[in-house]
Amino acid sequence: MTTDPRRQVPRTDALLSEPRLAAAAERLGRELVKSAVQAVQQRIRDGVTAPADAVDAVLRDLPATASSLRPVLNATGVLVHTNLGRAPLSEASVEAVVAASGTTDVELDLVTGRRGPRGEGAAAALLAAVPAAEAAIVVNNCAAALALVATALGHGKELVLARGELVEIGDGFRIPELLASTGARLREVGTTNRVTLEDYRSAVGPQTGAVLKVHPSNFVVRGFTRSVEVAELAPALAGSGVPLIADLGSGLLGPHPALPGEPDLQSALAGGADLVLASGDKLLGGPQAGLVLGRAELVQHLRRHPLYRALRVDKSTLAALEATLRGPLPPVQTMLAAGLEELRARAAALVATLTAAGLDAVAVGSTARVGGGGAPEFPLPSAAVSLPAAFAEPLRLGSRPVVGRVEGDRTVLDLRSVLPRDDEAVGAAVLEVARRWT
Ligand SMILES: *Cc1c(COP(=O)(O)O)cnc(C)c1O
């Protein structure tokens, strides 16, 4: 008998010249397709895959794009999830990125044919959204904005910072260590739980480069506490020539009715901060970026600093940021605004589909979070689909990965962090898992 499949492994070049795989190689690159071919050949040798299925098996294994990053449906209930790439971009923003991704007029004035200012559109959109700012620049992320500020204003000088604001953001990243790494000396004031205006006053002198306020984005201190807000600190520093810098982290442009405790760029500047710093991919809902807004002379000083060149953003970030600011509300904002009734109705509709297929699915109440260092402990009422815990792993490993939360013996798929247009895909992913089990 010669039916041993191991003897009939199709040859690599034969597979690669098969029209469907040749087309895939055009799109994804030959190396990627070749390694998928080799994996399938091995499976044929192992007797797991039939030789006749080789081409289909390779096509099934191929990634959708030439990048290993895969789209994931975020059903964690954490709207800005750092492990899932933080804010999903709006469609307007994605279109802008695609349009700018070729050669583009990022630094050319098409009218005069001469070099033009880079990132002017994004800066103008920021100024339109935050009228209290005189000027704005965009760097790689908020950590880069802090590094630039500390280097340009604090090098060889002191940065005055409250002890209660020596924040670790996550993954071992500590803001005081970043500041110190630039050569600035930190002058800590107050205690962990309390700092007064007098503490700041007595620390400021000719050696002071700046006074820095860092928003405690991911924790709260309760009880016997006292902090000094921007609006209180600014008048005390007025006339001293010492700039007041506020790192707000979350990137809200103005006050948000649903997040009363969260600081925003406009209010901090109106309250007297000279510069405000924020991330682009948290509550703002845009691309990864560090936003620096405030007094023109200080922004100009940062722009001229040599380090700025190492921290500036590329054309896709500028395009995505401008479209986030000028276009329709980005997903993070619509998720934040979603009504509980609407979320419950979506959960009920999904559950109806799943129970009709015989699954153990229940609509439950849930509590979502902003995440990503925004509004810590601020619960967002939500609705979810509850499934047996065994669904969690296969859902993550499916063709369209879904990440939920495991709570006790249940997998909870929170719909506040899912766009309504993706509900169907979430349902399809659950059904796919169930089908594989039967
Ligand atoms: C998140 C955060 C940062 C870091 O922002 P990245 O954009 O991730 O670099 C800095 N400061 C505060 C207060 C934050 O919340």
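Predicted model: local features only at pLDDT ≥ 70, side-chain atom pairs only at ≥ 80, totals over all residues.
Leu-237 first: I looked up its accessibility, and Leu-237 comes out buried, with a relative accessible area of 9%. I count that as buried because the cut-off is under 20%.

Next I checked where Leu-237 sits. Leu-237 belongs to helix α10, which covers residues 230-237.

Then I asked what Leu-237 is in contact with once neighbours within four places in sequence are left aside. I got Val-204, Val-211, Val-242 and Leu-244.

Leu-237 and Gln-42 are 195 residues apart in sequence, and their C-alpha atoms are 70 Å apart in space.

On to the helix itself. I find α10 lying across β7 (208-214) and β8, and its direction makes an angle of about 165° with β8.

So what sheet is this? I read off an open sheet of 7 strands with mixed pairing, ordered β2-β10-β9-β8-β7-β3-β6. At the edges I have β2 (135-139) and β6 (185-189), each of which pairs on one side only.

Last entry, on β8 and its partner β9. Strand β8 spans residues 244-249 and strand β9 spans residues 275-279. I see the two pairing in the parallel sense, over 4 bridges. Which residue in β9 does Ile-245 stand opposite? I found Leu-275 there.

Notes. Residues numbered from 1 in each chain as written. Heavy atoms only, no water. Buried < 20%, exposed > 50% of the residue type's maximum accessible area, 1.4 Å probe, protein only. Contact = heavy atoms within 4.5 Å. Pairing = 2+ DSSP bridges. Axes fitted to C-alpha atoms, helices over the stretch in contact; angles between N-to-C directions.
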